[in-house]
Structure formats: C-alpha cells, structure tokens
Amino acid sequence: MSRSVVLSLLLAVLYSTLYFVLQMEKYALLTGTLELFILLAMVMFLTRHVDWFAIAQPRAGQDYSPESRADKG
C-alpha cells in the first residue's frame with residue numbers, strides 16, 4: 001500500500017468518526033471521551049518499548065560541547 005492510500009484511509013476514518021460523534025446529541029461527550037481514551041491507550045501501547053532517554057543523548061562520535069561548536073563557527 002502506498003503512503004497516499006494509507007493517509008487517505010486514515011483521514012476518511014477520522015472524518016467519519018468526527019461526523020458521527022457530532023451527529024449524536026445526547027452521547028457526543030461520552031463517545032468522544034471514550035474514543036480519546038482508546039486512542040491514548042493505543043499510543044501508550046505502541047510506544048511502550050521506546051527508550052525516550054536514549055533519544056535525547058548524542059550518538060557515539062558526535063561532540064555537542066560548546067567548545068566544538070565555537071570552533072566550527
């Protein structure tokens with residue numbers, strides 16, 4: 001599947017979900033809250049093995065000290 005097809009499908013799902021939530025007058029808040037909770041749970045589940053502290057550390061061989069930046073000028 002190409003990226004444009006995946007993006008189109010994601011946008012279609014998003015727009016249809018928003019349309020149906022806005023059409024529901026009595027249960028819109030409850031449905032929207034549950035959808036956001038499920039989305040947050042999915043993001044937490046998919047990123048559970050990401051080492052966020054390793055992302056912030058420089059890679060081996062790269063020098064980010066102020067002295068090295070001053071020399072490059």
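Tutor: Start with the fold. This is a predicted model, and the protein in it has four helices and zero strands. Read from the N terminus on, the elements run α-α-α-α.

The largest pocket has a volume of about 280 Å³. Two elements each give two or more residues to its lining: helix H1 (3–23) and helix H2 (28–46). Find these two helices on your screen, then pick out the lining residues. Leu10, Val13, Leu14, Thr17, Leu18 and Val21 are among them.

What classes of residue make up the lining? By class, nine are nonpolar, two are polar and one is charged. Gly belongs to the polar class.

How far can you trust this part? Helix H2 has the highest mean pLDDT among the elements, 94. Helix H4 (residues 66–72) has the lowest, 61. For the protein, the mean pLDDT is 84, and 79% of the residues reach 70 or more.

Last, step back to the whole chain. Buried residues make up 4% of the 73 residues. The accessible surface comes to about 7,300 Å². Carbon and sulfur atoms account for 69% of that surface.

Key
Residues are numbered from 1 along each chain as its sequence is written. This is a predicted model: local features need pLDDT of at least 70, side-chain atom pairs count only at pLDDT 80 or more; totals for chains, interfaces and linings use all residues. Side-chain values use heavy atoms; hydrogens and water are left out. On a 1 Å grid over the protein atoms alone, a cavity is a set of points where a 1.4 Å probe fits but cannot get out, and a pocket is an open set with protein on both sides within 12 Å along at least five of seven lines; lining residues have an atom within 4 Å of a point. Grid points are joined across faces, edges and corners, and a volume is the space filled by probe spheres set on the points. Buried means under 20% relative accessible area, exposed over 50%, partly exposed in between (1.4 Å probe, protein chains only). Accessible areas come from the Shrake-Rupley method with a 1.4 Å probe; for residues, only the protein chains shown count as cover. pLDDT is the predictor's confidence in each residue, from 0 to 100.
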